[in-house]
Amino acid sequence: MAKVPAFHSKLPGTTKYHDNNACTEGNNIEAKNRVSGTGGLNKCDHCKRL
Ligand SMILES: [Zn+2]
């Protein structure tokens, strides 16, 4: 697992950003919906623990 630049989903209803490539939730975001940056969102709880 490794830290990666912050990214989030551009889909409506997105409330969190991710910054770890081992996060299953982050990995579930399809490439076409993936946007870099935090988007002003809160950090994913799962990523916080990784
Ligand atoms: Zn995450």
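Is Lys10 buried or exposed? Lys10 is exposed, because 11 other C-beta atoms lie within 10 Å, and a residue counts as exposed at 12 or fewer such atoms, as buried at 20 or more, and as partly exposed in between, with C-beta atoms placed from the backbone. Welcome to a predicted model, in which local features need pLDDT of at least 70 and side-chain atom pairs count only at pLDDT 80 or more, while totals for chains, interfaces and linings use all residues.

**The overall fold**

- The protein chain has two helices and four strands; here helices (H or I, at least four residues) and strands (E, at least two) are DSSP runs, numbered from the N terminus.
- Along the principal axes, the C-alpha atoms fill a box of roughly 25 × 20 × 15 Å.
- Of the 50 residues, 18% count as buried.
- Two residues are in contact if their C-beta atoms, placed from the backbone, lie within 7 Å; among contacts between residues at least 6 apart in sequence, 52% join residues at least 24 apart.

**The sheet**

- Four strands form an open sheet in the order E3-E1-E2-E4, with mixed pairing; two strands pair if DSSP finds at least two bridges between them.
- Strand E3 (34–36) and E4 are the edge strands, and each pairs on one side only.
- In a regular strand, the side chains alternate between the two faces of the sheet.

**How the strands pair**

- Strand E1 (residues 3–9) and strand E2 (residues 16–20) run antiparallel and are joined by two bridges.
- E1 and E2 make a hairpin with six residues between them, and Gly13 in the turn has a positive phi of about 95°.
- E1 also runs antiparallel to E3, with three bridges joining them.
- Phe7 has a bridge partner in two strands: His18 in E2 and Ser36 in E3.
- Ser9 has Arg34 as its bridge partner in E3.
- E2 pairs with strand E4 (residues 42–43) in the parallel sense, over two bridges.
- In E4, Asn42 stands opposite Lys16.

**A closer look at Lys10**

- You can find Lys10 in the loop between E1 and E2.
- Leaving out residues up to four places away in sequence, Lys10 touches Asn33 and Val35.
- Lys10 and Gly39 are 29 residues apart in sequence, and their C-alpha atoms are 8.9 Å apart in space.

**A closer look at Cys44**

- Cys44 sits in the loop between E4 and helix H2 (45–49).
- Why does Cys44 count as buried? Cys44 is buried because 20 other C-beta atoms lie within 10 Å.
- The residues that Cys44 touches, not counting those up to four places away in sequence, include Lys16, Tyr17 and His18, and also Cys23, Glu25 and Gly26.
- Cys44 and Pro12 are 32 residues apart along the chain, and 16 Å separates their C-alpha atoms.

Methods: Residues are numbered from 1 along each chain as its sequence is written.
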